[in-house]
Amino acid sequence: MLTNRIAALFSGLLILTLTLLPVATLAEADALQPEEDQGSTAREIVGKLEMLHYNKLKLGDEMSEKLWDEYIEALDPTKSYFLASDINEFRQWRTKLDDELRTGQVNHGFEIYNRYRLRVTDRLNNILSQLDKGLPEFDFDRDESLEVDREDSRWPASISAADELWRKRLKSSVLNLRLAGKDDEEIRDLLTRRYTGQLKRVKQQSSDDVFELYMNSLTRLYDPHSNYLSPRSLENFNMSMSLSLEGIGAVLQMEDEYTKVARLVAGGPADRTGKLKPNDKIVAVGQDKEGEMVDVVGWRLDDVVELIRGAAGTYVRLETIPTGGDGSHRTILIKRSKVKLEDQAAKKAIFEFSDGEKNYKIGVINLPTFYIDFEAYRRRDPNYKSTTRDVARLLNELEEENVDGVILDLRNNGGGSLQEATMLTDLFIDQGPVVQIRHANEQISRHNRSRSRAMYRGPLMVLINRLSASASEIFAGAIQDYNRGLVVGNQSFGKGTVQTMAPLKEGQLKITQSKFYRVSGDSTQHAGVTPDIPMPQLIDTESVGESAYDTALPWDRIHAVPHAKYFDLKELLPALVSKHNQRTATDPDFVFLREQFRFERERADQESISLNEKAREEEREALNERLLTMENRRRNAKGLEPYESFEALEESESDDVAALGGDVEIKLEDDPILNEAGYIMADFIGLNKKASKAPPQVANF
């Protein structure tokens, strides 16, 4: 599953003599029971999934087994609470869950949850009883380690085996906090509050929470973007879609016991700080500049969101574990604000690049999202803001300044309005189809561009990365299929499905009903868009992107539709790639990017973590020294002053962060990928000086 077991690194260790409650006392543990209307809602969900979902899966014994696996995984992904005896007992229901759901019964789902609740409650109570006597004494000179990834591990065979696992988990938590500079009293207080909070939230779980978790274990079998929203979750979903939402502009998700940053909203407060990154874990939240930091490890996602959300103009502090780091914590101050259209609006800049013989003026348009002011559009406001209108204006300005080519930067653009993606294509190609959509009933519809002649006919490049998704992939795919311009960067996200909301008696069902296809017939689903010229990347494709989901719908293809071809890219690409490779082979920034990616992959592949304090300190020093060496090698090669220490490097990074609330400028000095894209564009223009005047030729199929 998508869970990142690195979370286990930060979760604990202590010799606990635990006496788990026997199974026979389950009835005394305030067990949760299904409510009457949940049975009918379960039948509704099964019916709509089978009838409306694109995947056309029928719920039977095979699906029942997968549901059992998914539900157990959702409850206890690190295999830390259930015992092997629990799992063996539950296996009797493995092929019966489908029959139960069809008749509106969810009893076995609740029985499994109640056992989980019992194990968690007992475990947390025992840890708290130990902490109540003082911080346990650990031998940090002992050479032992904690498994990072427990996906392939066995469930604890006995209470003593579970005790040993939790001894190590608690020891790891204590060691991480010691390495973060906290003393024993601070550690004891923090862990007591952490586990007390987790226990409180477990006890606060309601029948609705269990039902939603169980149903979403079912919906994930169809695909990762279909899910059941309980009335409470639906309210939060509607709030998140509202223009009035105030907060930090980050999309969060749960991963094991941690709240993880899935992506940042372009132009939002978190994005503008430059400090919060996708895959960072949030471990504590504080209000204002001096408010107490509240540990949120093990919290419900909506409870964490509630802490982070707040009125525009106020501050929130996030304590995070940065992705790819050594486990050190970092505190980030963010000023909350509304994410406004103007913050996400397209921006332009002009730079000069040379192909070795001639200088060229290249216009760059940065597009963070595909936006439209629907409210102003519905009012028929002639000045409503939209992606296409803004880009058209910027193109006019660039042509007035006699640019030789245009780069459209869609990196980190997670999508948005499909209408805007297709309309934006109108600005660059003549008449023809833009995207195909195949629906659950297998009917295919096509979106065609509406202009008879493209507005901009000059050299074009589209810059993408792993976080370019959905509408970005439709646009980039169309430009690539028409050979209208170069696509440069990294393989895109691969989100090629469309979801709709289906009402239920209780809550709603978000369900995948359609799939996007390019005019070439290739789906954007799973595979995304592959660039013509790849660039180094720092985003791990194994953990980020559609292909990282176990139940993602597969890539496939349908019939291509006739479309024009513009540039002869096959003829030009070998020379462009050769020049690019020669330029970047020894370029200090590109050497650094490749080293940084290898470094982070090594960290992600780590299978265990040492629980020896000296070894961890030495490991941290070695990591910091390696990062410093990498950075100074880059700086020396560029003629810059090297940093004297890792602390100086960290301090400089903090100083370089954009001011809170500041505008986002397009800068080449901070962006080696964009800088190299400019040189590729100069080569492209130089190698094909007549390309902008070449008439389109209809492709043959």
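The model is predicted, and its protein chain holds 20 helices and 23 strands. Of the 701 residues in the chain, 54% are buried. Among contacts with a separation of 6 or more, 77% join residues 24 or more positions apart.

**Nonpolar cores**

- The largest nonpolar core has 57 residues, and the members touching the most others are F82, L101, I112, L191, M215 and L218.
- Helix α5, spanning residues 107–132, gives the most to this core, with 9 residues.
- If you click on L101, you will find that L101 touches A42, R43, V46, L59, L67, V106, Y214, M215 and L218, leaving aside residues up to four places away in sequence.
- A second core of 36 residues is separate, and its members include A564, F590, I680 and I685.
- As background, nonpolar side chains tend to be buried together in soluble globular proteins.

**The α17 and α18 pair**

- Helix α17 covers residues 588–604 and helix α18 covers residues 613–637; the two pack with their axes 8 Å apart, at an angle of about 165 degrees.
- That angle is over 145 degrees, so α17 and α18 count as roughly antiparallel to each other.
- The crossing of α17 past α18 is left-handed.
- On the α17 side, the contact uses P588, D589, F592, E595, Q596, F599, E602 and R603.
- On the α18 side, their partners are E619, L623, R626, L627, M630, E631, R633, R634 and A637.
- Sorted by class, this contact has 9 charged, 7 nonpolar and 1 polar residues.

Note on methods:
Residues are numbered from 1 along each chain as its sequence is written. This is a predicted model: local features need pLDDT of at least 70, side-chain atom pairs count only at pLDDT 80 or more; totals for chains, interfaces and linings use all residues. Side-chain values use heavy atoms; hydrogens and water are left out. A nonpolar core is a set of buried Ala, Val, Leu, Ile, Met, Phe, Trp, Tyr and Cys residues joined through side-chain atoms within 4.5 Å. Buried means under 20% relative accessible area, exposed over 50%, partly exposed in between (1.4 Å probe, protein chains only). Helices (H or I, at least four residues) and strands (E, at least two) are DSSP runs, numbered from the N terminus. Contact means heavy atoms within 4.5 Å. Axes are lines fitted to C-alpha atoms, for helices over the stretch in contact, and angles run from 0 to 180 degrees between N-to-C directions. Angles under 35 degrees count as roughly parallel, over 145 as roughly antiparallel, 65 to 115 as roughly perpendicular and the rest as oblique. A crossing is left-handed if the near helix is turned anticlockwise from the far one by less than a right angle, and right-handed if clockwise. Ala, Val, Leu, Ile, Met, Phe, Trp, Tyr, Cys and Pro count as nonpolar, Asp, Glu, Lys and Arg as charged, and the others, Gly among them, as polar.
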